[in-house]
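Work through the two exercises below with the sequence and the model at hand, and try each task before reading its solution.

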Amino acid sequence: MKTMVTGSGSNLLPTGHARIESMEMRGIVKRFPGVLAVDHVDFDVHAGEVHALLGENGAGKSTLMKVLYGLYQPNEGEILINGQHATIKSPADAIAQGIGMVHQHFMLVPSLTVAENVALGLRSSREPLLDLDIVAQRIVELAKTYGLQVDPLAPVWQLAVGEQQRVEIIKALYRGAALLILDEPTAVLTPQEVDDLFGTLHQMVRDGHALIFISHKLHEVLAISDRVTVLRDGRKVGEIPTREATKESLARMMVGREVVFRYERSAVQVGPPLLKIENLWARSDRNTDALRGVNLEIRAGEILGLAGVSGNGQRELAEALFGLRPATQGRVLIAGEDVTGKDPATLNRLGISYIPEERMIDGVITDFTVAENLILQTHGDRPFSSSIFLRPGQIARRCTQLIENFNIRTPSQETLIKSLSGGNIQKLVLARELSRNPRVLIAAQPTRGVDIGATEYIHQRLLDQRAKGTATLLISEDLDEIMALADRIAVIYEGEIVGVVDRGEATVEQLGLMMAGVHAGQA
Amino acid sequence: MIDQLLDSSVLIGIAASGIRLATPYLYAAIGETFGQRSGVLNLGVEGIMLMGAFSGFWAVYHTGSLLAGVLIALLAGLLMGLGTAFINVTLKAEQGISGIGIYLFGLGLSDLLFQQSFDSVVTVNGFPRIHVPVLSRIPVLGEIFFQHNLLVYIAFGLVPVAWFVLNRTTLGLKIRAVGQNPQAADAMGISVARVRYFTVILGAMLAAIAGASLSIALLNVFQQNMTAGQGFIAVALVYFGSWRPFGVMAGALLFSTVNALQLWVRTKGIDIPAEYASMAPYLLTILALVLASQRVDQPAALTKPFERGE
Ligand SMILES: Nc1ncnc2c1ncn2[C@@H]1O[C@H](COP(=O)(O)OP(=O)(O)O)[C@@H](O)[C@H]1O
Ligand SMILES: [Mg+2]
C-alpha cells in the first residue's frame, strides 16, 4: 500500500463510481464564536493513498473535515476536486461529489435496520416505495468485496460498535464515496478490530479510493498512512511522508515540545483490600442487565484497570459503585463495610471519590464558577461555611491553593467552567476529588478528550495517589492508558468480568481477545 | 340502567356513534402522528381544528358545495401549518409553548371571523349518511359500520394509508429517520427542515379536516370553541398509540366509544350528574397515558429543534 496505485486500466472504482484523482483544500479558515478552529489550512489527498490528519483533541481535525463534507461553511478558502473548483454547501453536495465521511460519533438511526440506514435518503428503484430487498442484496455484495461483515436486516441498536462502524463505511461506499474521511475510527475498536479495519482500508486504497484518516494515536498513523499532516490549535504545523516520520517527531509536532511517554511508578506496598465488589448486578437505562455478577477486589496502593469496548457495562459499574444507579443484586464493601445502596453524599464521607465519564454533565456545573465547582461537596462543611452562610474568604483561600497545586489554567476563580478547556476542567474535577485524599477512587475515562499535557499530568497524579495508598478503579477504553498505569487489568464484556491479568503478563493481543469476550484461559 | 344498556339496539347505537365520533380524532391524531414521527410536537392542533371547522362551514354556507368546504378547510390547514412549521422548524421555538400560542390564535381568530360573518346561529346541509350497498344491510354490523358519512370512511381509510406511507415508502423512512436522529439524516443529505415542514403542514391539513368533519358532517353548525378539547385529546392519542397509526386508531375508538356511552347516559337523565359523566373520557385518557407510559417507540428527537453541527 505504500506504493501509489496508478490508473489500473479503468478510471472506475469496484463500486462502479468515478475515482477522485485529487482533492485539495486551500487556505481554509473556520471560526466559531470566540474560537478560531481552523486557521488557513491547506490539505490534499490523492486516489490510492491514505493521508493521516493528526492532532490533539481540539486541534481542529473534525472541523476541517466537516468543512469538506459540507456540514460547515468555511469563512475563507476553497476546495478543488480533480483540479476543478467545487461548491460544497451541504452533505448532499459532498455525497454528489463522491465524498463520504465516517463520523467520530456515528450517524446511524438506532431504531432502523442496517438496510434502512443505508437506503436513507437514496432514490429507490421503485420510488416512492422502498426497495429494501435490493439494497440488502447490494450490501451483501459490498460487504464481500471489502471484507465488511454485516447483517442487512439487523436493527442497528442491536449491533456492537465495531459492526456499526462497518455499517457506516458501507453507507459511504454505497453512495459511491471515492474519497472517504474516517474521523477517529479506531477509538471504539478492540485491537483485532483495528487490524480488520486496516485490512479494509488497504483494500480500498488498492482499488483507487482516496482516504483521510484522522487520529491522535501515533502508532496507528504510522501503521496505516502514506503521508501525515499535523494540526495544532487550528494551524497546520507540518506535513511529511510517513516513512520519514517517527513516533517522537510526530509527538513533538503535535504537542509543540518533547513528550515523555514514561511515568514514575514507585514500588508500592499493597495493603488490605479497600474496595470489594461481590456479585454485582445492575440494569441499564434500557432496562436490560448491564452488569451480570461482577466480582472485583482492589487493595490499598493498587490501580485496577478495567478495560473493555465501550458499552459493556463500564458506565453502569461506575454509577452503581457511586450510588447513582441501584444495584439489583450483590454487595459493595468499602474496607469491609457494606455500602450497597448508599447515596453519593454518604459515600463521599466514607472516602470514595468519583471522576465521572461525562465530566460536563456529571462532573461539574457548567454555569458555575471555578470556585463554586471546587466546593460542590464541601460547601456545607467548615471552614467554607458557618451555620448557613458561605465564607468567601475561606473558599477563595482554598481555591487558590487547589488551582496552584493542580496546575489549573483559568483566568480567575470567578471564571465560568464552560469557558475552560477540557483538560483544565478535568484537572479541576481531579483537584476536587483528590484533595479529600480518598481511600477509594473511581476514575472513569479520566483522560478522554484531554490534551497530552493534561493527560500526562493526570496520569502522574493517579500514580501519586496510588503511592499514598488509595485503591483506584481506572475505567478506560484506551488500552495504552491502562497498560501504562494499572497494576492489574480486568476486562469487562457484556457486563461480566472476562478475566483479570497482572501488569507484567498482559499483552495487547490477549487483552484484545478478552475485550471481544474470549476468556483468559482460552485467549 | 344496566338492562337498558344491554338492549341490543342501544348497544348498536352506541357502537355506531362511537365510530362516528372517532372521526375527528382520527384525522387530527393521524396528522399529528406524522409530525411527531418527524420530531415535531404540534400542541396547536385544537386551534387548527377550529380554523378548519370555521372555514369549511363558511364555504359550505356560501357555496352550498361540500367539496368547496373541504378544499377551503384544507387551505386553512395549509396556512396554519405553514405558520406552525415556520415557528417550530425555522424559528426553533419551544414546541410546548408555541403550540399553546397556535391554539389560542386559532381559537380567537375562528371566533372573530364567525362573529363577523354570521349574525345568528345557522346550520348547513353537511355530508349525508351513505348506506353502503349490500354491506349496510348486514344485521348489526351493517348498522354499526356501513351507515356513515363519507368523511368517516375516509378517516378510517387513512389509517392503513398512513401506516403504509410511514413503513413502506422512502418518504416514510426519511420521516422516521428525521424524528429519531436528525443529525444522521442530515449527514445523509436529507433536508431535515423540508421533511418537517412537510409533516407539519400535512398534519395541519388533516387537523383542519378534523374540524370540518364536525362542522360540515357531524354537527353541521359552527360555534365558538366547538372542538372543546378534542385537538388536545388527539395529541394524547398519538402517545397512547405509541406513534403507530393502528395504535392511534385503537385509542381513538376507545375514547370515542366511552364518549358515546357517556352521551347516552346523559340523555337518559340517570342519577349520575352530567359533569361526572363528561369527565369520564378525559379521566380514561389520563389513566391510559399513565399505563402506556413505556414510550419505547418515542421519536428520540421529539420536540428538539435541529441545529447542524452540534
Ligand atoms: N460547533 C462548534 N461550535 C463552537 N466551537 C466548536 C464547534 N465545534 C468545534 N468547536 C471548537 O473548535 C475547536 C476544534 O474542535 P474539533 O475540530 O472538534 O477538534 P478535533 O477534532 O481536532 O478534536 C475546539 O476548540 C472546539 O471547541
Ligand atoms: Mg474530533
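**Exercise 1.** How much area do chain A and chain B bury between them, and what share of it is on carbon and sulfur atoms?

*Solution.* The model is predicted, so that local features need pLDDT of at least 70 and side-chain atom pairs pLDDT 80 or more, whereas totals for chains, interfaces and linings use all residues. Residues are numbered from 1 along each chain, chains are lettered from A and ligands numbered from 1 as written, and side-chain values use heavy atoms, without hydrogens or water.

Step 1: chain A and chain B bury about 1900 Å², 68% of it on carbon and sulfur atoms, where buried area is the accessible area (1.4 Å probe) lost on being put together, summed over both parts.

Step 2: on the side of chain A, Met107(A), Leu120(A) and Leu130(A) lose the most area to chain B, together 28% of what that side buries.

Step 3: the rule finds one salt bridge across the interface, with Glu116(A) and Arg176(B) as partners and the closest N and O atoms 3.4 Å apart; the rule asks for a side-chain nitrogen of Lys or Arg within 4 Å of a carboxyl oxygen of Asp or Glu.

**Exercise 2.** Which residues coordinate the magnesium ion (ligand 2)?

*Solution.* Step 1: Ser62(A) through OG and Gln104(A) through OE1 coordinate the ion at 2.1 to 2.5 Å, donors being N, O and S atoms within 2.8 Å of the metal (3.2 Å for Na, K and Ca).

Step 2: Ser62(A) is buried at 19% relative accessible area, whereas Gln104(A) is partly exposed at 32% (buried is under 20%, exposed over 50%, partly exposed in between, with a 1.4 Å probe and protein chains only).

Note on methods: Buried area = accessible area lost by both parts, 1.4 Å probe.
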